[in-house]
Amino acid sequence: MGGKASKVLAETTLVKCNTHGDGSKFPVICATPTDEPIEGLNGDKENCYKLGGKDVVSFKVITQLGIKLKHTRILDSEGKNRAYIISKSGLARGETIILKKLPNYEGQEPVDPEMLHKNGIDRDLKLYNFAKIESKKTGLSTCVAKYSIVVGKESGEDGKDEYKLLYVAEKLSSMGFHCIVRTPGGDAVATADQTGATCDTNVNVAEGVDLAAVLLTAKKTYHGDATTAGALAGAGVV
């Protein structure tokens, strides 16, 4: 099912990621950067990623009265909500914003409460832009997604949040799902592929990465809409 793409993944060597340091230079979504390489992280069609049978991180689609709301929440290994995801997508492009309760820099303004309300989030909750992912289809079965984090404010009184690119994910050409996540400098820091008929996803990551960020960025190369359950783990099953 993978052919050449499977071979490329098998030959990819992951390199320790020094992007985050102790996590303070470029903060991570959940907890701290990975303190060692991880092999065999398993993602199911509900977007829950486990290692050795234990939850590590989950992307939970929020429902109300059986109806999917327009956002997803990122849960850590203890099931605590660490961030909110709002996505929009078209036929060839998608954009995702990750929101957190604390600002990334002094003086950062919270996002519009009406935008939160339209996406099923309490308008009284104060949330700030943390990061964004921009995805673009590059072929019939290929796609690139770029993860950038808020680092400050653009110059000028009305300056918007300024972003810095941290990860680039590429979905390889294949009938299934095969993806490599790299730093902007080209170092491979994660690989992901669909494991046969189970529709589960096998993920390997390097030491030092923002695990939730690389998982979500890889996911965006398959489907631009984070609210679609199983978009990564259920590649081919929508």
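Reader: Let's start with Cys179. Is Cys179 buried or exposed?

Author: Happy to start there, and please keep in mind that this is a predicted model. A residue counts as buried when its relative accessible area is under 20%. Cys179 has 1% relative accessibility, so Cys179 counts as buried.

Reader: How many disulfides are there in the whole structure?

Author: The general idea is to look at the distance between two cysteine sulfur atoms, which has to be within 2.5 Å. A search of the whole structure turns up zero disulfides. Cys179 is in no disulfide, and the nearest cysteine sulfur, which belongs to Cys143, is 8.7 Å away. Cys17 is another cysteine to look at: at 4% relative accessibility, Cys17 counts as buried.

Reader: Which residues does Thr183 touch, leaving out those up to four places away in sequence?

Author: Leaving those out, Thr183 touches Cys17, Thr19, Leu166 and Val189. You will find Thr183 in the loop between strand S10 (178–182) and S11. Thr183 is buried, because its relative accessible area is 13%. Thr183 and Val15 are 168 residues apart along the chain, and their C-alpha atoms are separated by 9.7 Å.

Reader: Thr19 was on that list. Where does Thr19 lie?

Author: Thr19 lies in the loop between helix H1 (4–10) and S1. With 18% relative accessibility, Thr19 counts as buried. With residues up to four places away in sequence left out, the contacts of Thr19 are Lys25, Phe26, Leu166 and Thr183.

Reader: Are Ala31 and Asn47 buried or exposed?

Author: Take them one at a time. Ala31 counts as exposed because its relative accessibility is 71%. Asn47 counts as buried because its relative accessibility is 1%.

Reader: On to aromatic residues. How many aromatic pairs does the structure hold?

Author: The structure holds three aromatic pairs. To read one, check the distance between ring centres and the angle between the planes. Tyr49 and Phe59 form an edge-to-face pair, with 6.0 Å centre to centre and 85° between the planes. This pair links distant parts of the chain: Tyr49 is in strand S2 (residues 48–51) and Phe59 is in strand S3 (residues 54–64), 10 residues apart. Tyr49 is buried, and Phe59 is buried too. Another pair, Tyr147 and Tyr167, is tilted, with 5.9 Å centre to centre and 50° between the planes. Here Tyr147 sits in strand S8 (residues 143–153) and Tyr167 in strand S9 (residues 161–171), 20 residues apart. Both Tyr147 and Tyr167 are buried.

Reader: Which lysine has its charged end over the ring of Tyr163?

Author: That is Lys132, whose charged end sits 4.4 Å from the centre of the Tyr163 ring.

Reader: How many residues does the largest nonpolar core have?

Author: The largest nonpolar core has 39 residues, and those with the most contacts inside it include Ile29, Tyr147, Tyr167 and Val181. Helix H3 (residues 211–220) gives the largest share of this core, seven residues. A second, separate core has eight residues, among them Tyr84, Ile86, Leu99 and Ile121.

Technical notes: Residues are numbered from 1 along each chain as its sequence is written. This is a predicted model: local features need pLDDT of at least 70, side-chain atom pairs count only at pLDDT 80 or more; totals for chains, interfaces and linings use all residues. Side-chain values use heavy atoms; hydrogens and water are left out. Rings of Phe, Tyr and Trp (its six-membered ring) pair if their centres lie within 6.5 Å; planes under 30 degrees apart count as stacked, over 60 as edge-to-face and the rest as tilted. Helices (H or I, at least four residues) and strands (E, at least two) are DSSP runs, numbered from the N terminus. Buried means under 20% relative accessible area, exposed over 50%, partly exposed in between (1.4 Å probe, protein chains only). A charge sits over a ring if NZ of Lys or CZ of Arg is within 6 Å of the ring centre and within 35 degrees of the ring normal. A nonpolar core is a set of buried Ala, Val, Leu, Ile, Met, Phe, Trp, Tyr and Cys residues joined through side-chain atoms within 4.5 Å. Contact means heavy atoms within 4.5 Å.
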